[in-house]
Amino acid sequence: MECESFKQDDAVVVKPSGRMDAGTASVFEKECDKWIEKGETNLIGDFENLEYISSAGLRSVLVVGKKLKPAGGELALCNMNGMVEEVFSMSGFKSIFNIFDTLEAALER
């Protein structure tokens with residue numbers, strides 16, 4: 001799995017691509033940690049290019065969200081496709097995170 005990140009407006013966009021599973025979920029978490037350590041508290045997971053997410057991937061998303069809470073921060077998510085959106089729905093994670101249809105909508109929140 002590849003994972004790029006960049007600062008846009010007042011948020012950091014973290015954009016994984018490929019499969020987020022037990023072998024790769026730590027890549028997403030480490031990319032987010034890099035920004036959290038710099039004091040960033042407003043992160044957006046742009047899942048446009050994410051093809052698959054396992055329970056290990058869900059755990060990494062949850063861990064990042066929990067790390068941001070004490071600083072008053074938030075992990076918002078956007079651009080979920082097909083199976084990824086289905087996994088978030090079935091797991092109940094859609095009620096835990098703010099999820100937006102587009103990156104633009106997530107940035108405007």
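This is a predicted model: local features need pLDDT of at least 70, side-chain atom pairs count only at pLDDT 80 or more; totals for chains, interfaces and linings use all residues.
Reader: Fine. How is the pair of Phe-47 and Phe-88 arranged?

Author: The rings of Phe-47 and Phe-88 are tilted, with 55 degrees between the planes and 6.1 Å from centre to centre.

Reader: And what does that pair tie together?

Author: Phe-47 sits in the loop between strand 3 (42–46) and strand 4, while Phe-88 belongs to helix 3, so the pair joins parts that are 41 residues apart in sequence. Helices (H or I, at least four residues) and strands (E, at least two) are DSSP runs numbered from the N terminus.

Reader: Are Phe-47 and Phe-88 buried or exposed?

Author: Both Phe-47 and Phe-88 are buried, meaning under 20% relative accessible area; exposed is over 50%, partly exposed in between (1.4 Å probe, protein chains only).

Reader: Which residues do ring pairs link into a cluster?

Author: Phe-28, Phe-47, Phe-88, Phe-93 and Phe-97 are linked into a cluster by ring pairs.

Reader: Stay with Phe-28. What does it touch?

Author: Leaving aside residues up to four places away in sequence, Phe-28 touches Met-1, Cys-3, Val-14, Pro-16, Met-20, Phe-47, Ser-60, Val-61 and Val-64. Contact here is heavy atoms within 4.5 Å.

Reader: Change of topic: helix 3. Which of its residues are buried?

Author: In helix 3, Val-84, Val-87 and Phe-88 are the buried residues. They span an arc of only 95 degrees around the axis, which means that they are on the same side of helix 3. The arc is taken from the directions from the helix axis to the C-beta atoms.

Reader: What about the other side of helix 3?

Author: On the other side of helix 3, Gly-82 and Met-90 are exposed.

Reader: What covers the buried residues of helix 3?

Author: Strand 4, helix 2, strand 5 and strand 6 (99–100) are among the elements covering the buried residues of helix 3.

Reader: Last one. Which residue follows helix 3?

Author: Gly-92 follows helix 3, and the phi of Gly-92 is positive, near 85 degrees.

Notes:
Residues are numbered from 1 along each chain as its sequence is written. Side-chain values use heavy atoms; hydrogens and water are left out. Rings of Phe, Tyr and Trp (its six-membered ring) pair if their centres lie within 6.5 Å; planes under 30 degrees apart count as stacked, over 60 as edge-to-face and the rest as tilted.
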